[in-house]
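Please read these notes with the sequence and the model open beside you.

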Amino acid sequence: MLIAAFFAIACSNVIEILVLIFATFKKRTGLYFWSLLVASWGIVIHAVGFLLKFFRLCKNDYVNITIITAGGIPMVIGQSVVLYSRLHLVVQDRNKIRWVLVMIVMGFFLFTVPPTILNYGSNSRNPTPFLRPFAIYEKICLFGFSTQECIISGLYIWETRKMLQVMKANRSKDIRRVWKHLICVNVLVILMDFTLIAIELGGQYVIETTYKSAMYSVKLKLEFAVLNQLRSLVQREKAESCSYSPPSTEYSKECLFSTVTPVVQKHENCTEKMG
């Protein structure tokens with residue numbers, strides 16, 4: 001029953017996310033759009049793979065593992081890429097953004113390639129040499145990905161706090177709302193990672209693998225909502241800060257294509273242009 005329930009939660013959330021994606025994006029391009037799409041489909045494929053495995057709907061273990069892997073990698077890595085793709089809205093330091101990307105790439109090679117090889121070996125005709133290494137490495141990967149997501153979530157909280165402090169007072173209600181939502185979502189994401197770790201350490205493999213798909217669907221849904229709120233707030237502040245300048249082609253292009261910088265600095269730039 002739990003397997004079916006988690007499968008239903010994952011699929012229903014993904015359907016809702018896909019509807020929101022195509023309803024929200026006017027231009028269906030960019031890293032944010034594609035990472036959301038890939039992560040969403042990864043959740044469904046991952047859930048289907050374990051459904052086939054546990055209910056023995058497909059008796060070929062290699063096929064089941066291939067489906068699970070094909071869904072698991074975009075589900076986990078894709079979620080981190082979703083957060084990375086919107087990080088520039090709040091982080092001014094390009095080095096920090098670059099290091100987050102390096103961390104995601106390293107996580108891919110360290111926490112997806114080795115366990116995939118061990119997983120295939122654990123389901124081979126001679127699984128004994130692979131079973132214990134796979135069990136140990138799977139826990140390492142779980143801790144690794146959870147730590148990665150905690151770092152990115154913590155960076156969002158810290159940098160957004162600094163950015164919102166310089167926004168205009170007449171946006172105080174919007175600022176408090178977005179700040180509160182951002183805190184709640186990221187704390188909830190971290191807590192959900194802890195529940196997954198607890199289930200894994202408890203040895204509940206069947207529950208852990210099916211709960212994982214449902215959990216990632218909830219996380220993606222929450223992150224999609226709060227990142228859109230943050231994007232809308234930043235875009236309004238950028239538009240209003242640029243509106244202080246007289247009509248000028250050169251300055252309009254500067255305002256349009258500049259990266260997100262503190263609002264106080266933008267007002268100073270606009271004042272200089274007016275002078």
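**Notes on salt bridges and the main cavity**

1. D193 is buried, with a relative accessible area of 1%, where buried means under 20% relative accessible area, exposed over 50% and partly exposed in between (1.4 Å probe, protein chains only). Salt bridges that share partners join D193, E149 and K219 into one network, a salt bridge being a side-chain nitrogen of Lys or Arg within 4 Å of a carboxyl oxygen of Asp or Glu.

2. This is a predicted model, in which local features need pLDDT of at least 70 and side-chain atom pairs count only at pLDDT 80 or more, while totals for chains, interfaces and linings use all residues. Residues are numbered from 1 along each chain as its sequence is written, and side-chain values use heavy atoms, with hydrogens and water left out.

3. Between K219 and D193 the closest N and O atoms of the salt bridge are 3.0 Å apart, and K219 counts as buried because its relative accessibility is 0%.

4. The structure holds 6 salt bridges, and another one of them pairs E159 with K96, with closest N and O atoms 2.7 Å apart. E159 counts as buried at 5% relative accessibility, whereas K96 is partly exposed at 32%.

5. R56 and D61 also form a salt bridge, with 3.4 Å between the closest N and O atoms; R56 is partly exposed at 38% relative accessibility, as is D61 at 27%.

6. The lining of the largest cavity comprises 29 residues, and H46, I68, P115, E138 and K212 lie nearest the centre of this cavity. By class, the lining has 15 nonpolar, 8 polar and 6 charged residues, where Ala, Val, Leu, Ile, Met, Phe, Trp, Tyr, Cys and Pro count as nonpolar, Asp, Glu, Lys and Arg as charged, and the others, Gly among them, as polar. A cavity here is a set of points on a 1 Å grid over the protein atoms alone where a 1.4 Å probe fits but cannot get out, and lining residues have an atom within 4 Å of a point.

Definitions and conventions. On a 1 Å grid over the protein atoms alone, a cavity is a set of points where a 1.4 Å probe fits but cannot get out, and a pocket is an open set with protein on both sides within 12 Å along at least five of seven lines; lining residues have an atom within 4 Å of a point.
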